[in-house]
Amino acid sequence: MGLDPLDRGAQVGTAASARDGTLGAVVNIWAPARAHGLALTRGLVLTGLKPVAAVLALLPVLVVADGYAGVVSLTLLMMFALGRRLAGLSRKLAGRWGGVEIPAPYLPRPALQQVEHGWYWTGYDYHHSRWVAKASLYTNWFFRDPATWRDLLWLLVDPVVGGVFALAPAALVAYGLASAVLPWLPGEGADLPELARYGFIHGDSTTTALLATLAGAATLLLGVAVAPSAVRAHARWTHALLAPTRQAWLARRVDRLTETRTDAINAQAAELRRIERDLHDGAQARLVAIGMTLGTAEQLLRTDPAAVAPLLVEARESSAAALRELRDLVHGIYPPVLAERGLSDALRLMALENPLDITVQADLSGRPEPPLESAAYFAVSEALTNVVRHACARHAQVELRHDGELLRIVVRDDGQGGADPSRGSGLRGLQRRLGVFDGNVIVNSPRGGPTELTMEIPCVLSSPRTSTS
């Protein structure tokens, strides 16, 4: 007797559910296993960097020992320069693999300045020759930076301490694998191999070999299990030696605040000049014209009343145009929709008025402070203007999110890409605008597109404000 169609459907559904469950179990096992295996590989890569650091640290000693004392200074310079490159790579790997971001701690390089009588000031001393001055500038800047000597300390210590963190998981895996396999290899003149006593389990019986295999398997699994933690521990160790000191951080902070203060003063002065120019060339000129038109109408009122009406119409049109220009000027200073509705709605209105197809996705539970909100609005406006002018894009997307500490704004477009902050004033203007608020601009724009511009501004959100009108 055949099965009822409903029963067959139930069996098919049960089989499909079983297959899905098996596939899900495989995926759940594969993902962690892959992550631990990747961490084990990363530990081996980090281990491979340790001999390089050891050779760099011992290079001057080897040169002196071989009788080349005359090139010790050049060797020292090469050691510090290559050591700085290696330290930079270790910082990058600590952030990418260990989740510990380590900013570069080095002091900014002073600019070479030419003073009176053709002399050059390096920031440390004077020289008449430009080449000697540049050499002195690099040497003084390099060796007077405390971070250079911290790099040297790291070169001396990291091959031992960092090597332990990086190599420990792989060593456990190798030891466990050997403990599990070697007891079963044939030995000479015995039924059981001589290496049945490998590791910390001693004996010459099958039971002993089984115990050694189990212990080896446990050791192997332990090495795989601790690999991610070892990579993170290595990153924290790298941070302890290569992160900026408190003094270096304060020095960089002072430089940053000085730069942003100068940018803010310059931007404010430029904005005041723009407002003055717009008033002078726009509304002020129209108001003067209205006054002249009304004066003419006043004179014609006694002699030719019929000619007064067209002048009054002209004056009314001029006043309406002046009012529109004043509204546009106010909109350029602080848009009313931004003050009344907030950043999300202001950007949606901007998207509707833009000739480009723009999608706005906003997830904000409150509103930033008005100065920061205004800066974010005009930063997005400037970014979209750059997209329209240079990207040859058909669609753009604006995303707003706040994670409790950062307001993150992402502007994407499907244009031709190739945006480079070093070659354009628009992106540098964005950095200056947001730098006043400790903001950061990240540009990812490969040639051929797409372009992703990320703006991050530290802030807290207040409760949503609504219009009182």
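Two strands pair if DSSP finds at least two bridges between them, and strands (E, at least two residues) and helices (H or I, at least four) are DSSP runs numbered from the N terminus. The views below come from a predicted model, where local features need pLDDT of at least 70, side-chain atom pairs count only at pLDDT 80 or more, and totals for chains, interfaces and linings use all residues. Residues are numbered from 1 along each chain as its sequence is written, and side-chain values use heavy atoms, with hydrogens and water left out.

**View 1. An open sheet of five strands, in the order 4-5-6-8-7 with mixed pairing.** Strand 4 (357–363) and strand 7 (440–444) stand at the edges with a single partner strand each, so one side of each has no neighbour in the sheet. From one strand to the next, the twist averages 10 degrees; angles here run from 0 to 180 degrees between N-to-C directions, with axes fitted to C-alpha atoms (for helices, over the stretch in contact).

**View 2. Antiparallel pairs, bridge by bridge.** Strand 5 (residues 395–402) and strand 6 (residues 406–413) are antiparallel and share seven bridges; here Q397 has R412 of strand 6 as its bridge partner. Strand 6 also pairs with strand 8 in the antiparallel sense, over eight bridges, and V411 stands opposite L453 in strand 8.

**View 3. A covered strand.** Strand 8 is mostly covered, with six of its eight residues buried. Buried means under 20% relative accessible area, exposed over 50%, and partly exposed in between (1.4 Å probe, protein chains only).

View 4. D158 and K50 meet at 2.6 Å, N to O. D158 lies in helix 4 (residues 146–181) and K50 in helix 1 (residues 5–65), so the pair ties together parts 108 residues apart in sequence. Both D158 and K50 are buried.

**View 5. A salt bridge between D403 and R408.** Their side chains meet at 3.7 Å, N to O. D403 is partly exposed, at 48% relative accessible area, whereas R408 counts as buried at 19%. Salt bridges that share partners also join E399, R401, R412 and E452 into one network.

Note on methods:
Salt bridge = Lys/Arg side-chain N within 4 Å of Asp/Glu carboxyl O.
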